[in-house]
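Me: Can you walk me through this structure? Keep it short, please.
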Amino acid sequence: MTAFSEYTAYTEGDPIADAKAPSGAVQERWDTRRFEAKLVNPANRRRRKVIVVGTGLAGASAGATLAEAGYHVVQFCFQDSPRRAHSIAAQGGINAAKNYRNDGDSVHRLFYDTVKGGDFRSRESNVHRLAQISVEIIDQCVAQGVPFAREYGGLLDTRSFGGVQVSRTFYARGQTGQQLLLGAYQAMMRQVAAGGIELHPRTEMLDLIVVDGQARGIVARDLLTGAIDTHFADAVVLASGGYGNVYYLSTNAMNSNATAIWRAHRKGAYFGNPCYTQIHPTCIPRTGDHQSKLTLMSESLRNDGRIWVPKAKGDSRSPEAIPEDERDYYLERQYPSFGNLVPRDIASRAAKNVCDEGRGVGPGGQGVYLDFGDAIKRLGRKAVEEKYGNLFEMYERITDEDPYRVPMRIYPAVHYTMGGLWVDYDLQTTIPGLFAVGEANFSDHGANRLGASALMQGLADGYFVLPATISDYLARTAGAEPVTAEHPAAVEAVRQTEERLAAILAVDGDRTPDSFHREIGELMWELCGMARDESGLRKALARIPEIREEFWARIKVPGTGEEFNQSLEKANRLVDYFELAELMCLDALHRTESCGGHFRVESQTPDGEAARKDEEFSYVAAWEYTGLGEPPVLHKEQLDFEYVHPAQRSYT
Amino acid sequence: MKLTLRIWRQENASQPGRMQPYEVDGISRDMSFLEMLDVLNEQLILAGQDPVAFDHDCREGICGACSLMIDGQAHGPQKKTTTCQLHMRSFRDGATIDVEPWRAAAFPVVKDLVVDRSAMDRVIQAGGYITAPTGAAPEAHAAPIPKPAADLAFENAECIGCGACVAACPNGSASLFTAAKVNHLNTLPQGAPERETRVIGMLAQMDAEGFGGCTLTGECATACPKGIPLASIATMNKEWLRAQRKATR
């Protein structure tokens with residue numbers, strides 16, 4: 001293991017010359033690509049196998065669609081049922097450029113808003129495709145029976161989300177992710193019954209098998225029996241979600257993890273923009289050290305809730321005792337045209353700023369009010385209940401406070417990772433045959449994701465993009481030799497996996513997996529969270545190898561590897577978090593500009609907004625792994641803007 | 001808070017289980033029930049003992065993974081609340097709390113508090129979907145759906161598949177779970193073409209999985225963390241009778 005100073009001495013490799021998007025007008029590129037893609041004869045599809053890891057929106061929609069097309073899908077999830085993947089917890093909604101409101105929306109406007117919202121760090125080709133497909137997603141989901149909110153005339157209702165001035169977000173009360181996921185899950189279940197999908201629940205991918213430079217299979221552990229097995233296919237799709245759990249406290253599910261993508265990275269897949277993490281502005285503040293996760297309060301609440309703090313520092317009066325003229329509705333004041341609906345990165349930073357000034361509310365001053373008093377006066381309690389009822393109930397269950405009477409207290413929390421495996425326009429990683437969809441890839445959101453765009457991207461990737469592009473790959477690799485468990489690459493991958501688990505069990509130290517997870521999480525939140533600076537990042541980079549060393553000296557996991565062992569699962573995921581955390585910090589250190597969710601203290605405008613440096617940093621940072629603790633190699637993919645011209649984002 | 005927990009420990013499906021007492025101290029009222037179990041597990045790991053296995057994931061009441069029988073009640077004493085959203089303020093200091101897995105013939109115990117609920121996935125596979133292959137969808141506004149129908153479908157679609165209804169039922173019936181999906185899909189015009197095959201297929205699978213029959217005890221709807229109404233079962237039965245009549249005609 002080398003010291004951190006060597007790790008930060010990364011080198012720059014060849015730039016990524018071509019992300020494989022077709023040329024031509026941006027609105028024609030996706031049609032061009034689909035036409036140019038080779039097809040697999042329907043009769044041959046049954047013999048082509050595709051592994052899909054994960055059953056969230058991207059994975060479930062991809063698995064179902066590939067099986068419907070006739071491919072043989074082998075699908076994995078670590079949950080006991082595919083329906084429990086964490087997309088289920090997405091609350092607010094899904095964007096689509098339907099323009100049902102006749103409010104000036106269009107595919108081009110959704111494209112424009114998303115490129116701008118991402119602070120000009122995403123690809124125009126990808127984002128335009130996403131905007132085009134958004135329209136089809138709503139049709140598809142309605143056909144499946146997804147019960148979107150409707151108006152009395154029977155037509156679909158929409159609402160607004162941050163960073164936009166149209167109403168294009170379709171929703172199912174505060175449970176949109178649940179309803180969309182159940183739609184995709186049900187389509188999957190239909191294929192399981194029809195024999196198109198071979199399903200492996202409670203099975204976790206622990207490594208990727210690469211044969212002759214192509215992704216040909218995975219090593220997976222049956223979580224019930226502990227058995228480690230190999231599975232082979234013609235292509236592998238990772239739909240394993242993001243890596244927000246590096247921070248320990250996040251809105252992710254407890255078991256969401258980065259192992260699948262990190263193992264793929266170690267096998268040669270570049271990692272794109274690891275430092276781009278989204279801190280969501282409206283989460284329920286933590287109550288103590290026992291906290292195991294943070295709960296989001298949907299962004300949709302900012303449609304009607306007003307965010308404020310007292311004007312005076314240290315004002316400890318209860319909110320109702322603070323008169324109107326002593327309240328600072330700081331978002332409305334600073335950003336009059338978007339008000340409470342500014343993008344997430346801006347809202348989060350503004351909340352941090354007022355709390356840093358000593359004007360935060362609640363225990364420790366780590367909170368701001370989200371007040372529905374005016375909305376209840378204007379619309380009546382019943383209307384507010386209709387729109388947000390389940391969110392209010394959830395808030396009350398957790399905090400024991402009634403948000404109909406007392407303003408909610410909220411604070412930013414880690415929510416989403418825009419970074420992920422680098423993929424080309426076809427969603428293929430740098431390992432041929434390995435694809436990444438949904439939050440697992442880095443593709444469409446640039447440096448900041450707009451609200452209600454994650455569901456859109458997950459389903460666009462799974463229902464429409466991947467099925468079109470993977471067939472091209474499969475058609476071009478027809479006749480590939482089958483791989484078996486005896487292949488040296490498979491034997492080696494299994495051996496490494498077994499050794500690693502055995503090594504964890506052998507330490508028999510005195511610290512639990514959770515204690516290490518908390519430690520790395522707190523370090524990352526403090527030094528690579530909402531605001532980052534050089535000295536902090538260097539400190540984190542010095543500290544992470546020490547934590548890793550301590551882990552291998554002191555971790556304690558009871559039991560064996562040949563049984564259902566949840567402690568072993570946790571500890572094994574931690575090994576990957578340590579390495580990923582290191583890369584996140586390095587990426588954050590090297591990007592000395594601020595952009596979107598990545599805020600470098602050294603790079604801000606006079607009024608405290610993120611200051612980009614387009615001349616230097618208008619690129620995707622794609623990192624190549626070279627060995628544990630070894631300096632990685634940076635490959636730059638230049639971003640060019642033909643349609644939406646980079647400007648300082650303005651939401652004032 | 002200081003608590004005595006009596007927890008069901010069972011190594012695997014083939015070994016017999018038993019209730020095992022544990023003491024936990026320093027529990028905050030603001031902890032969730034699962035965070036309290038985290039505290040216990042940290043203690044057990046450091047003492048070199050096997051931590052208590054339990055299913056959990058989102059910890060915000062929507063994934064349906066958590067599944068504990070607390071003092072004989074599915075998801076514990078608070079109405080319309082999953083175990084992960086139940087907080088320790090619902091208990092008094094010094095209490096003794098019994099924690100058991102879901103108990104039902106169709107949910108074999110995997111380990112400690114973890115059970116196998118894959119039978120519910122198979123009930124969905126037997127018809128709990130609308131056949132709408134990707135790419136074949138008509139324009140979303142082509143068929144308006146009256147708001148009351150959309151709302152009824154949504155109310156039933158809220159089911160999180162946790163299995164509390166089965167665990168609470170003296171017969172171990174999955175009628176409320178199955179009824180929720182039948183109501184969700186059969187209420188919508190998109191679901192009409194498969195209306196009969198859906199209800200017949202799902203009910204046949206429910207029986208085949210070893211779930212008990214429904215005697216309208218109503219414990220299921222009381223235990224349901226999402227408030228799926230008992231009346232959904234009546235509608236499902238009506239749908240089934242109607243489908244049978246159509247099938248024999």
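Reply: Start with a strand pair. In chain A, β16(A) and strand β17 (residues 408-417) pair in the antiparallel sense over three bridges. Strands are DSSP runs of E, at least two residues, and helices are runs of H or I, at least four, numbered from the N terminus. Two strands pair if DSSP finds at least two bridges between them. This is a predicted model: local features need pLDDT of at least 70, side-chain atom pairs need 80 or more, and totals for chains, interfaces and linings use all residues. Residues count from 1 along each chain as its sequence is written, with chains lettered from A and ligands numbered from 1 in written order.

Me: Which residue is the bridge partner of Leu370(A) in β17(A)?
Reply: Met408(A). Leu370(A) is also the bridge partner of Ile307(A).

Me: Are the faces of β16(A) covered or open?
Reply: Both are covered. Val368(A) and Leu370(A) on one side are buried, as are Tyr369(A) and Asp371(A) on the other. Buried means 20 or more other C-beta atoms within 10 Å of the residue's own, with C-beta atoms placed from the backbone.

Me: New topic. How many residues does each chain give to the contact?
Reply: 63 from chain B and 63 from chain A. Contact means C-beta atoms, placed from the backbone, within 7 Å.

Me: Which element gives the largest share on chain B's side?
Reply: α1(B), with six residues.

Definitions and conventions:
Two residues are in contact if their C-beta atoms, placed from the backbone, lie within 7 Å. A residue is buried if 20 or more other C-beta atoms lie within 10 Å of its own, exposed if 12 or fewer, and partly exposed in between; C-beta atoms are placed from the backbone.
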